[in-house]
Amino acid sequence: MTPEPPRRLRAIAPGTDAGERELDAVRVAQSDAERIGARLARALENISDAFYTLDRDWRFTYLNHEAERMMQKPLDQMIGHVVWDVFPDVVGTAFHREFLRAARTGETVAFEAYYPGLDLWAAVRAHPSDDGLAVYFLKVNEKKAADLALAASEHRYRTLFERAGDAILIVDDEGRYVDANEAAAVLFGLARDEIIGKRLSDFVVDALDGIDIATAWAALRSVGEMRGEIKLRRADGEIRDAGFHAVADISPGLHLGVLSDITDRLRHERETTQRAQILGALRRLSPGDDAEGTADTICSEIVANGDFPTAAIFSFVTDDRATPLAARLRDGRGLEVLPPLSDGRLDQLRVKAQGGPWVDPIGPASPGSPQEAYLRLGIRAVAFAPIESDGRLIGLLAAGSDEAPAELSQRLAALMEFAALASSLLGPGLRHRAERAEKRATLRSVIADGAFAPVFQPIVDMATGEILGFEALTRFTDGTPPDRAFLAAAKVGLGLELEAATIKAALAAAGPLPRGGFLDINVSPDLVMARSQLRSLLKPTDRRVILEITEHVDVQDYGGLRRAITTLGRDVRFAVDDAGAGFASLRHILELAPSHVKLDRALVSRIDRDPARQALVAGLVHFAGAIDVMLIAEGVETAAERDTLIGLGVRVGQGFLFGRPAPAGTVLVHHPRARRAT
């Protein structure tokens, strides 16, 4: 800021010697001030930083060439004009807040912020004085872009680290673990923080071909990379085989180890080798795409290589009786030629299979009976071998023969070998099918019996404490966490049914809640896409409803989802959950244009002590204001968190500080303000 010439402080009597001497001194001071001002101006014009000054009324009084260039406006549109008028988009930003703070406190402020409208990130220092404000700022767009790119890269690699199927461990120069992913925790049978600080030697039973760990570690540091197989002892004492790939010095003092659990693969290879020695003809067998396809392949191999004219496989896992999976004849015909069996006969097979293998003769048969059909196919006897997996009866292998029953009985041992192979090929798929059937049955019972209860958590104006609405949540009678229950339902095809049942119950239970407040209901994109089903659920209610789409649900068709949203009516609003927790929530916001956005609990927790969280929330506040959506902070648990959020511009919140989820009547008892919000 150019210095002003000295002001005269008292009158000077003209014509006197003293007066002339004082006038001369004033002229010299003025001349010195002008020279200093000129030099300062030249210096300011030649510095690389942008520089400008504002008077006490926030008017531009000076800008150097770099500031004029960055501002992208001619001087006559800035000098003498109020900075907020010249750049109205700055109001409400860090520039606005920090400049006001500097003027209020008289202290220099330094910060980094974004100039709206100029696409300019700047590092700023503002120095207050009696005359106004002197501002230095440096364009840092490239640095900001590099920081964002670095953060994105680190996020990508951290995501790969966390989601990798193999165990990944970082080791220091002392051979101690400093980081481990979730797969490593699963492999070792320990929590991740229990792994940190331990050494590989704490887990290894056998190292590389008998080489001790110390020798292997020294070899790795020498050659830089090693691969091999080791045996590990888990925390529960179980021995697991693992393949490893180790790389030394991925960064100074840090080394990488990747472990793959190959126990099951090695066990399978050993079992396959043993079976191959006995059943060479079955080496070509491999599991099919599904249980029926795999069973059909096994039957085809038995018929082709086992010298059986017919073969069939039954399953016991989906109900209490045998269900045909596949059948084959030598002529290529399949399940369609299997003689129909009565329910009584199927029940008999299931019961008899529990006693081990056996042979049934095909005797004289009445017309139209299954025995007659077998006789027409040339079958004189049928051998049966139970198919077991993990000690459980899961199926039955049947092979027909034109041999006499006594002769066929001699081949039961071979048939049991086929059944053992069928067990290894069919067991996982049939167990999965059984588990799925059991889960469906359990969930159908939950839905039919209404084994859940709606609860409501208040959403409040954090500045006044007034309740603006409630989020409807579900608690299951058996204590299953809601996210697990809904995920399990989705996996077995009952997700929409469970959602619809809980939403219907929530709308019915919300009766005692104030009419003026809104009701926030969680929905999946699939239920929104169902359109008519959701419309029919919402039709009976006269409440303002906000449908909350969670961040954790993948959206495959945003266009279709937007079209479905428009069919639900004008009174239905949408919210996006968990903003700030990941990319999906931000894309939900951009694609769906919600009226409400919920800040993830991870951002809210300890925000009063974390400048990084505060900066991110401040950015989201600006973003929300720009697109005209309401921000709701989730998981507010302390007054300090509440006060910090209010200071950042977030007024609406929910969390244990304002009330735990509870039935509607209980919520009203504990929150009398809810009645005044009507």
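**Conventions first**

For axes I use lines fitted to C-alpha atoms, for helices over the stretch in contact, with angles running from 0 to 180 degrees between N-to-C directions. Helices (H or I, at least four residues) and strands (E, at least two) are DSSP runs, numbered from the N terminus.

I am working with a predicted model, where local features need pLDDT of at least 70, side-chain atom pairs count only at pLDDT 80 or more, and totals for chains, interfaces and linings use all residues. Residues are numbered from 1 along each chain as its sequence is written, and side-chain values use heavy atoms, with hydrogens and water left out.

**Entry 1: the helix 15 and helix 16 pair**

I looked up how helix 15 (residues 482-491) sits against helix 16 (residues 495-509): their axes come within 7 Å and cross at roughly 140 degrees. Angles under 35 degrees count as roughly parallel, over 145 as roughly antiparallel, 65 to 115 as roughly perpendicular and the rest as oblique. Helix 15 and helix 16 are therefore oblique to each other.

Next I listed the contacts (heavy atoms within 4.5 Å). From helix 15 I noted A485, F486, A489 and A490, which meet G495, L498, E499 and T502 of helix 16. I sorted the residues of this contact into five nonpolar, two polar and one charged. For that sorting, Ala, Val, Leu, Ile, Met, Phe, Trp, Tyr, Cys and Pro count as nonpolar, Asp, Glu, Lys and Arg as charged, and the others, Gly among them, as polar.

**Entry 2: the whole chain**

I count 25 helices and 24 strands in the protein chain. Of its 678 residues, 43% are buried; here buried means under 20% relative accessible area, exposed over 50%, and partly exposed in between (1.4 Å probe, protein chains only). Among contacts with a separation of 6 or more, 53% come from residues 24 or more positions apart.

In what order do the five strands of the open sheet run? I read 2-1-5-4-3, with antiparallel pairing. The edges are strand 2 (60-63) and strand 3 (109-115), each of which pairs on one side only. On average, neighbouring strands of this sheet are turned by 25 degrees against each other, direction ignored. Two strands pair if DSSP finds at least two bridges between them.

A reminder to myself: strands of a sheet pair through backbone hydrogen bonds, either parallel or antiparallel.

I went through the pairs one at a time:

- Strand 1 (residues 50-55) and strand 2 are antiparallel over three bridges, and T53 has Y62 in strand 2 as its bridge partner.
- Strand 1 and strand 5 are antiparallel over six bridges, and L54 stands opposite L133 in strand 5.
- Strand 4 and strand 5 are antiparallel over eight bridges, and A123 stands opposite L138 in strand 5.

Strand 4 and strand 5 also make a hairpin, with two residues between them. I then found helix 4 (residues 94-105) lying across strand 1, strand 3, strand 4 (120-129) and strand 5 (132-139). Helix 4 runs at about 155 degrees to strand 3.

**Entry 3: A67**

I picked A67, which I find in helix 2 (residues 65-71). Is A67 buried or exposed? A67 counts as buried, at 0% relative accessibility. Leaving out residues up to four places away in sequence, A67 touches A50, F51, Y52 and F137. I also checked A67 against Y136: they are 69 residues apart in sequence and 8.8 Å apart in space, C-alpha to C-alpha.

**Entry 4: salt bridges**

How many salt bridges does the structure hold? I get 23, taking a salt bridge as a side-chain nitrogen of Lys or Arg within 4 Å of a carboxyl oxygen of Asp or Glu.

R234 and D236 meet in one of them (3.2 Å, N to O). R234 is buried at 19% relative accessibility, whereas D236 is exposed at 52%. Both belong to a network of salt bridges linking R234, D236, E238, R240 and D261.

K352 and D360 form another (3.3 Å, N to O). K352 is partly exposed at 38%, and D360 is buried at 14%.

For R562 and E591, I find the closest N and O atoms 2.8 Å apart. I note R562 as partly exposed at 36% and E591 as partly exposed at 25%.
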